[in-house]
Amino acid sequence: MAVSSRTQRQENTTKGLQYVTDVIAEIRRLANGLVKPLLGSVGIFEILRSFIAEVSLSQKLRIRFSVLSIVQQEMNEQLQETIYRIVQVHINNMVERSASKASIRISKENNDVILEITDDGRSKHAAAEKKAVLATIKSRAALVQGSAKTESNRKKGYILTVTLPLTGTRNATVRKRKTKREGYLPAVS
């Protein structure tokens with residue numbers, strides 16, 4: 001269009017350049033979402049802190065992150081990746097809904113990891129989009145026998161609570177310790 005239209009050449013060139021820039025940014029965002037995080041070397045909590053800091057710098061979204069009464073070693077790699085993916089999906093949802101403040105808290109209650117994400121979600125989001133994001137989060141939680149629920153009201157904002165069991169991780173750890181003490185080789189899983 002810029003080549004064929006002499007009167008709107010500058011405007012069409014500017015729009016074309018902006019479209020290409022937007023496409024490159026979107027492809028980078030999608031590609032980053034597909035890369036599996038290197039959990040073992042750094043740890044889930046440091047990876048989340050880094051991801052949250054990156055989002056906070058690039059978006060107008062302040063996120064408070066806290067970890068209570070749980071250590072990374074209590075969670076297997078699948079559980080850690082599930083937590084990372086849920087946080088990633090929900091943060092993208094918060095950005096889309098124009099949230100300006102959010103809080104992410106990971107804690108341990110009994111044999112469960114509790115992931116609670118709250119935000120002020122200033123603009124209403126489409127019901128279909130909300131259902132799709134929640135369905136994605138619920139399916140991720142279900143992969144590790146967990147559950148997710150949401151609450152939304154004017155005073156508290158939008159609250160996502162995900163409960164993920166630790167029991168599989170603990171049993172595997174106990175089984176390995178017993179086999180090492182007894183002198184047997186650990187079972188292959």
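Of the 189 residues in the protein chain, 34% are buried, where buried means under 20% relative accessible area with a 1.4 Å probe, counting protein chains only. This is a predicted model, in which local features need pLDDT of at least 70, side-chain atom pairs count only at pLDDT 80 or more, and totals for chains, interfaces and linings use all residues. Residues are numbered from 1 along each chain as its sequence is written, and side-chain values use heavy atoms, with hydrogens and water left out.

The chain contains 6 helices and 5 strands, taken as DSSP runs (helices H or I, at least four residues; strands E, at least two) and numbered from the N terminus. Their order along the sequence is α-α-α-β-α-β-β-α-β-β-α.

The table gives two elements in this stretch of the chain.

| Element | Residues |
|---|---|
| Helix H2 | 39–42 |
| Helix H3 | 44–58 |

Helix H3 has 15 residues and spans 21 Å from its first C-alpha to its last, close to the 21 Å expected at 1.5 Å a residue, the expected span being 1.5 Å times one less than the number of residues. Its buried residues are Ile 44, Phe 45, Ile 47, Leu 48, Phe 51, Ile 52 and Val 55. Seen down the axis of H3, these fall within an arc of 160°, so they line one face of the helix; the arc is that of the directions from the helix axis to the C-beta atoms.

Gly 43 sits in the loop between H2 and H3 and, at 0% relative accessibility, counts as buried. Although Gly 43 and Gln 72 are 29 residues apart in sequence, their C-alpha atoms are 6.8 Å apart in space.

Methods: Buried < 20%, exposed > 50% of the residue type's maximum accessible area, 1.4 Å probe, protein only.
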